[in-house]
Every structure is written in structure tokens, then in C-alpha cells.
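User: I have a few quick questions on this structure. Can you take me through it?

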Amino acid sequence: MNRTLYNHLIRDYSREGRRGFNVPRREGMENAVKQALPQTLLRKQAPELPQVDEPTAVRHYTNMSTNNFGVDTGFYPLGSCTMKYNPKINEAMAASPVIARLHPAQPFASVQGALRLYWELQRALSEIGGMAEFTLNPYAGAHGELTGLMVIRAYHAGRDDFGRTKVIVPDSAHGTNPASAAVAGLEVVEVRSRADGTVDIDDLRGKLDDSIAAVMLTNPNTTGMFERDIPAIAEAVHAAGALLYYDGANLNPMLGVARPGDMGFDVMHINLHKTFSTPHGGGGPGAGPVGVRAGLEDYLPAPRVVRHNDGTFGVDCNPDDALGRISQWLGNYTVLRRALAYILSLGADGIAQVGPLATLAANYVMNALSDLYALPIPGPCKHEFVFDGLRDKSSGVTTLHVAKRLLDFGFHAPTIYFPLLFHESLMIEPTETESRDTLDAFIDAMRRIADEAATQPEQLKMAPHHTPMAHPDETEAAMHPILTWKDLTS
Ligand SMILES: *Cc1c(COP(=O)(O)O)cnc(C)c1O
């Protein structure tokens with residue numbers, strides 16, 4: 001069956017008077033509703049909706065849902081984003097009506113179980129990160145960064161140290177780092193990377209003074225390299241009176257291997273929608289919990305879930321030094337539940353295998369392809385690595401072409417043109433959840449694409465050939481999106 005036909009079905013098959021449902025009519029209901037609502041809110045005209053039968057509507061949405069790519073439909077090696085498989089038990093836990101139907105304003109005594117789960121996740125993340133305390137309130141990684149930087153500002157302000165207006169960020173950092181710093185009212189100072197992709201500690205030392213509030217680092221950094229100098233960096237940062245921030249969006253390779261708190265980091269965030277297998281994409285909902293070392297707990301935002309001495313749980317809405325609210329209520333609770341389900345179902349032993357397996361998978365793929373793809377920073381890597389396009393660039397085949405051709409093989413494209421350190425960045429992160437068969441199939445596809453680049457480059461450049469939509473006008477789609485149904489026949 002031609003899928004493309006179904007993509008346009010709703011538009012093409014809308015017929016005056018065609019219906020797919022029957023709303024039971026209740027005597028007097030329409031008038032009762034009309035009287036209950038303010039006149040200004042009532043429609044003057046019926047809404048313009050497609051008029052279709054039920055099978056048409058069901059087929060339309062079912063086919064649409066398979067036109068997109070998801071981690072449930074195929075391998076998704078998107079570097080820097082950790083698109084690991086999200087176990088279905090997480091979904092079952094989050095959907096449980098026992099929890100899903102709670103109201104955030106319910107009296108604390110009636111939601112003790114829910115608060116306990118929340119508190120347990122705070123404790124689990126503190127243990128995993130090596131931190132004293134975590135807030136689960138932030139909605140995303142970037143939101144966590146902003147929260148963490150606000151905590152750092154509050155810490156300096158609490159010491160009457162108001163001159164610290166800058167934050168140091170490496171040139172390889174994720175774009176949200178400088179953005180969050182700017183939103184937090186801090187000026188960004190960039191620190192150079194060395195040829196091996198790690199932070200140039202001499203350049204960093206030269207930039208540390210009493211105007212620096214914090215240094216933000218990602219470890220392993222955005223090129224997938226482990227920063228070996230963290231203890232020395234932490235010492236220099238602390239000697240200058242600044243705090244060390246850990247961007248733990250990609251904590252995955254560290255699970256079971258090392259803890260940011262033990263390395264000397266003061267504040268960190270974690271992306272639950274990357275490392276802890278909660279859904280990711282489409283703009284959320286996500287969660288970016290923030291952890292702090294001992295001594296900074298009081299600056300975390302409110303509200304906080306606490307355990308009282310008698311073993312009951314409560315919500316502290318107005319701790320003295322807290323930042324105040326950075327989210328509605330306690331954050332994205334159903335996302336938090338998924339993460340806790342993941343942690344508890346793996347257990348301490350399972351969690352400890354995540355980092356090593358993710359690292360093994362990344363090195364396996366890297367080594368199997370580095371004869372054909374340029375590897376500017378030789379491994380071993382951690383959970384991800386960056387190719388700088390094909391080794392042989394004479395055919396004019398770029399990273400964009402490789403990425404589009406991969407879609408024909410049923411694989412999502414890796415991250416492309418990021419990090420900005422290389423012209424043809426192709427950033428691959430397989431994660432620990434893929435079988436060796438899947439990794440081998442991906443390697444085969446990548447090798448075949450390199451072969452096509454040599455033998456039939458012009459055809460390769462026209463890819464993808466087999467996706468439901470091949471060559472959308474990306475600019476037009478961004479500038480003039482059509483997001484609602486319009487009756488084009490009349
Ligand atoms: C994804 C990511 C972020 C931002 O997380 P969001 O949830 O997308 O805001 C920050 N830093 C790094 C290293 C990341 O990979």
C-alpha cells in the first residue's frame with residue numbers, strides 16, 4: 001500500500017457530512033453548556049474540521065506514526081543525546097492509575113507513597129552522582145544548567161561575593177552551556193581544547209580570577225574523551241574561589257565507573273531523558289535534576305521532598321535560603337517515576353554495567369569503521385566518538401549525504417555537524433542497549449555507504465530513496481509550517 005496516499009488521506013477524503021463517531025446527545029445539554037460558558041468564549045461558527053469516517057482517521061494517524069523514526073522502530077546512534085531503549089516497564093510504572101491520577105494539591109498525608117518514591121529518586125541520584133542532595137524540579141538539561149548556575153550565584157551572594165560575573169566554558173561544550181550562563185546573567189569566557197579534545201588546563205589557569213563564578217565541564221567531554229586532569233582542574237578552580245559545574249547530561253559512560261562528586265565537582269545536572277531511559281524528543285517532557293555537594297543544599301530550589309524523623313514524608317515549600325520555584329510543583333513526576341523504575345529494575349549491579357557496556361559498544365563501532373571514516377581524535381573513546389566525514393573526500397560526498405543515506409538502511413542518522421571542532425562532524429553514540437547484531441548491521445551500512453561514495457557518488461547524493469518523505473524543502477517547512485488542517489477543496 002502506498003503510504004504517501006495515506007499521508008494525504010484526511011485532506012483528500014474529507015467529504016461534507018461524513019462522520020466517524022456518534023456523540024450521545026443528552027436532553028438540554030447543549031443549552032446547559034451554552035449558559036455555563038461566557039458568551040465571549042462561544043464559537044460563532046462551527047470549527048473547520050476534516051469530515052471523515054473512523055477507519056480513515058485511524059489509518060491516517062497509524063500511518064503517520066510509522067513515518068517518523070523512533071528508538072522503538074530502529075537503531076538511533078545520535079551522539080550527545082543517548083537515545084537508549086526505554087524499557088516498557090518504565091511506562092507501566094508511570095501509567096499506573098495509583099500515581100497517574102494523583103493531584104499535585106492533594107494533602108501530603110494522602111500521597112505518602114508518591115512522596116517516598118520521589119525522595120528515593122533524590123537519594124538514588126545523590127548516590128550515583130556522589131552528591132549530598134538533589135532537586136528533581138528542573139524540566140530539562142538546559143533548565144538544570146540554569147538552576148545549577150543560579151545555585152552557584154546564590155552561594156557567592158551568600159558570602160557577600162558579588163564580583164563573580166563570569167563563567168568559563170570549553171569551546172567543545174554543548175550549546176546549552178553558554179546559553180544557560182547568559183540566561184543566568186553570567187558572562188561567558190571560552191577555554192580552548194587541546195588537540196586531543198580535552199580542556200587546555202594552562203589556558204584555563206590563565207583565565208581563573210576573582211571574577212569567575214564557575215567553570216562548566218562535561219566529562220567525558222563532547223568529543224567522547226575522558227578529561228584526565230579533573231583533580232588538578234578542581235584544585236585550581238577552588239583555589240580561585242570558583243565552583244566546578246558538571247554537565248552530566250551524558251552521565252551514561254560514568255555509571256558504575258566514577259562519580260562526579262568524587263572528582264571534585266560541586267554542582268551537577270543529569271538528563272533523565274538521556275542516561276536514565278526516560279522518553280526523549282519532541283521537546284519533552286524531560287527532567288534535568290540538579291545535585292550539589294555538602295554545604296550547598298540550602299541553595300537548591302523549593303519545593304523539596306523531605307523525610308521527617310518519624311519516617312513520614314513532606315514537602316518543604318519555603319526553605320530559608322532556597323532559590324524559590326523554578327518549576328510547577330515538583331517537576332515532571334511521571335518522568336521521574338520512569339527513571340526510578342529504571343534504576344530499581346537494574347539495581348546497583350545493573351547500573352554498574354551501563355557505563356562499561358556503552359563504552360565497549362562505542363569503541364567496537366569506532367574501530368570497525370575508522371579505516372573508511374576520518375577519526376581526528378584517536379581512541380579509545382568513552383560512550384561516543386566523532387568522525388570527520390569520510391577519509392576519502394574526493395567524491396564530494398559529505399556527512400549530510402552519509403546521514404541521509406543511512407535512513408534508507410533503517411537507521412536514524414548520527415548527530416551531524418556537531419561538535420563544531422571539525423568541518424564534517426559525524427557523532428556516533430550506540431548506547432549499551434543494542435545487540436552486537438544491530439551494531440554489525442549498522443557497521444555494514446556505513447561501510448556500504450563509503451563504498452557507494454567511491455563507486456556511485458551522484459546517486460548517493462540523492463538519498464534517501466526509500467523514506468516516506470524524501471526531500472522536503474527544509475527552509476519552506478521551517479518558515480511556513482502548515483500545522484492545522486485546511487479544506488483546500490473549497
Ligand atoms: C543534551 C545535552 C544538554 C541539554 O539537555 P536538554 O535536555 O536538551 O536541555 C546539555 N549538555 C549536554 C552535554 C547534552 O548532551
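User: Start with Leu-37. Is Leu-37 buried or exposed, or in between?
Analyst: Leu-37 is partly exposed, because its relative accessible area is 38%. Keep in mind that this is a predicted model.

User: Where does Leu-37 sit?
Analyst: Leu-37 is in the loop between H3 and H4.

User: OK, pockets. How much space lies in the second largest pocket?
Analyst: About 750 Å³. The lining has 30 residues. Nearest the centre are Arg-19, Phe-21, Val-23, Arg-25 and Leu-49.

User: Which helices supply at least two residues of that lining?
Analyst: Helix H3 (29-36) and helix H4 (54-67). H4 gives the most, with 3 residues.

User: And how does the lining split by class?
Analyst: There are 13 nonpolar, 5 polar and 12 charged residues in the lining of the second largest pocket.

User: Now cavities. How many of 30 Å³ or more?
Analyst: The structure holds 1. About 40 Å³ of space lies in the largest cavity.

User: What lines the largest cavity?
Analyst: Pro-170, Ser-172, Ala-173, Val-199, Leu-217, Thr-218, Asn-221, Thr-222 and Glu-227. By class that is 4 nonpolar, 4 polar and 1 charged.

User: Switch to salt bridges. How many are there?
Analyst: The count comes to 21. Side chains of opposite charge can pair when their charged atoms come close.

User: Give me an example. What does Arg-164 pair with?
Analyst: Asp-161. Their side chains meet in a salt bridge at 2.7 Å, N to O.

User: Are the two partners buried or exposed?
Analyst: Arg-164 is buried, because its relative accessible area is 9%. Asp-161 is partly exposed, at 21%. The cut-off for buried is under 20%, so Asp-161 does not count as buried.

User: And Asp-200, what is its partner?
Analyst: Asp-200 forms a salt bridge with Arg-192. The closest N and O atoms are 3.8 Å apart. Asp-200 is buried, with a relative accessible area of 14%. Arg-192 is partly exposed, with 48%.

User: What about Arg-405?
Analyst: Arg-405 forms a salt bridge with Glu-452, and the closest N and O atoms are 2.8 Å apart. This pair links distant parts of the chain, 47 residues apart. Arg-405 is in helix H15 (residues 399-408), and Glu-452 is in helix H16 (residues 436-455). Both residues are buried.

User: Staying in H16, is Thr-455 buried or exposed?
Analyst: Thr-455, found in helix H16, is exposed, because its relative accessible area is 54%. The C-alpha atoms of Thr-455 and Glu-54 are 49 Å apart in space. In sequence the two are 401 residues apart.

User: Backbone next. Where are there cis peptide bonds?
Analyst: A cis bond joins Asn-219 and Pro-220, with omega about 0°. Pro-220 is in the loop between strand S4 (212-217) and helix H11 (230-239). A cis bond also joins Ala-463 and Pro-464, with omega about 5°. Pro-464 lies in the loop between helix H17 (457-461) and helix H18 (474-479).

User: Why point those out?
Analyst: Because most peptide bonds are trans. Most residues other than glycine also have a negative phi.

User: So what is phi for Asp-160?
Analyst: Phi of Asp-160 is positive, about 55°, although the residue is not a glycine. Asp-160 lies in the loop between helix H8 (141-158) and strand S2 (166-170). It is exposed, with a relative accessible area of 62%.

User: And Trp-329?
Analyst: Trp-329 has a positive phi near 45°. It is found in the loop between S9 and H14. Trp-329 is partly exposed, at 41% relative accessible area.

User: Last one. Is Ile-326 buried or exposed?
Analyst: Ile-326 is buried, because its relative accessible area is 15%. It is in the loop between strand S9 (313-316) and helix H14 (333-369). The C-alpha atoms of Ile-326 and Pro-104 are separated by 16 Å. Along the chain those two residues are 222 residues apart.

Methods. Residues are numbered from 1 along each chain as its sequence is written. This is a predicted model: local features need pLDDT of at least 70, side-chain atom pairs count only at pLDDT 80 or more; totals for chains, interfaces and linings use all residues. Side-chain values use heavy atoms; hydrogens and water are left out. On a 1 Å grid over the protein atoms alone, a cavity is a set of points where a 1.4 Å probe fits but cannot get out, and a pocket is an open set with protein on both sides within 12 Å along at least five of seven lines; lining residues have an atom within 4 Å of a point. Grid points are joined across faces, edges and corners, and a volume is the space filled by probe spheres set on the points. Helices (H or I, at least four residues) and strands (E, at least two) are DSSP runs, numbered from the N terminus. Ala, Val, Leu, Ile, Met, Phe, Trp, Tyr, Cys and Pro count as nonpolar, Asp, Glu, Lys and Arg as charged, and the others, Gly among them, as polar. Buried means under 20% relative accessible area, exposed over 50%, partly exposed in between (1.4 Å probe, protein chains only). A salt bridge is a side-chain nitrogen of Lys or Arg within 4 Å of a carboxyl oxygen of Asp or Glu.
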